[in-house]
Each structure stands twice: as structure tokens, then as C-alpha cells.
Amino acid sequence: MRHCSQCGSAVELRVPAGDNRPRHVCATCATVHYQNPRLIVGCIPQWQGHVLLCRRAIEPAYGRWTLPAGFLELGEGTADGAAREAAEEACIDVNIGPLFSLIDVPHIGQVHMLYLAELREPRWAAGDESLAVELFAEEDIPWQELSFRSVRETLRHYFDDRRSGIFGLHTAVLGPPPG
């Protein structure tokens, strides 16, 4: 960050009074520009024992499979954001259930929140950010073609919980990928 979004003046990196870490602070109007993690919200859409996945039509991970998810918008609750992302990416209407996975990805400044969800009807289509949308049985999940580690972790927990019949909340902190 080079310029203040309030007045346009130059910002400098310093520890503001009463804080404990460097922040971008405007040298003219003294506005402190906090940079906080971004929330990614999505769901695990289910229909008759199958999970719906989207093949990404955008970067990162173009062409790879993922759960419908994206950035939370201002003024939106996390469950509402998960339902909106499902509608945008897979043209589906879902009943959002409980929060299933909460995954911190601090090296890229993100927190991923994925909810259990049930399709209200068996209709879906590729939205603007998807090349394709398909239902998968567990044995058909394209594990090697999944887009993100948070999606892999979430799906592994989902299928383990489904086998046990007990669904819980799963948390993790993912570090940078190897290499």
C-alpha cells in the first residue's frame, strides 16, 4: 500500500500508538489501514449420497475441481455467503446446514469456512466461474484434480464423518505448500 484511501497522501509502515504491530498509517490524516484475513465461504452440496463439485473457470487452479466457495461480501452473513456462492458457481439452491470446516490459511491471509448443505432439487449448471458442475460418489472424487488443500481436507473429513454417522466441526491451520 502506497497511498491513503481516505485522502490520497503517502502512507508509511509504523506501529500506531496503542498497537503492537506495523500498520500502514497515513502521514497526513493519520488513518490506520488495517489489513486483515479474508473470509472464503462455501458449502459441501449433497444430493442422494453424492457431492457436487465445480470445475473452475478462473484462476487460481483453472480447470481443477472444487467445492462452490468464494469471498464473503460486506454486509453478508457467512451462511448466506455460502448459499450465494453455490448459486453463482453451480446455479443451485441449497439448504445450508451446520458449519463443517474452519481452515486457517495464514500464509495467504485467508480463513476458509465450509458448511454442510443439501440441494433442494436435482438441478445444477455451470455458472460464470465454472467450466462444469457434476455430482460425485466418494469413489469417483477426482482427488488428484482438486483445486485446494482446504477442499481436500474438508472432503476427507466429510467422507470419514459420513461413514461414522457423526458429523463434527473440523479445524486446521495450513502452512505454505511444500516447495
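Among contacts in the protein chain between residues at least 6 apart in sequence, what percentage join residues at least 24 apart? In this predicted model, the figure is 60%.

**Figure 1. Fold of the protein chain in the predicted model.** The protein chain contains eleven strands and two helices. Read from the N terminus, the order of elements is β-β-β-β-β-β-β-α-β-β-β-α-β. Along the principal axes, the C-alpha atoms occupy a box of roughly 60 × 30 × 30 Å.

**Figure 2. Surface and charged side chains of the protein chain.** Of the 179 residues, 40% are buried. The side chains include 16 positive and 23 negative ones. A distance of 7 Å separates the centres of these two sets.

**Figure 3. Close-up of the side chains of Thr154 and Ser101.** The two side chains are joined by a polar contact of 2.8 Å. Ser101 is also listed among the residues in contact with Thr154 when neighbours within four places in sequence are left aside.

**Figure 4. Close-up of the residues in contact with Thr154.** With neighbours within four places in sequence set aside, Thr154 is in contact with Ile44, Leu67, Phe100, Ser101, Ile103 and Leu114.

Definitions and conventions: Residues numbered from 1 in each chain as written. Predicted model: local features only at pLDDT ≥ 70, side-chain atom pairs only at ≥ 80, totals over all residues. Heavy atoms only, no water. Helix = DSSP H or I, 4+ residues; strand = E, 2+ residues; numbered from the N terminus. Buried < 20%, exposed > 50% of the residue type's maximum accessible area, 1.4 Å probe, protein only. Contact = heavy atoms within 4.5 Å. Areas by Shrake-Rupley, 256 points an atom, 1.4 Å probe, with all protein chains shown as cover. Lys, Arg positive; Asp, Glu negative; His and termini not counted. Charge placed at Lys NZ, Arg CZ, Asp CG, Glu CD. Polar contact = N/O pair within 3.5 Å; in protein donor to acceptor, adjacent residues only side chain to side chain.
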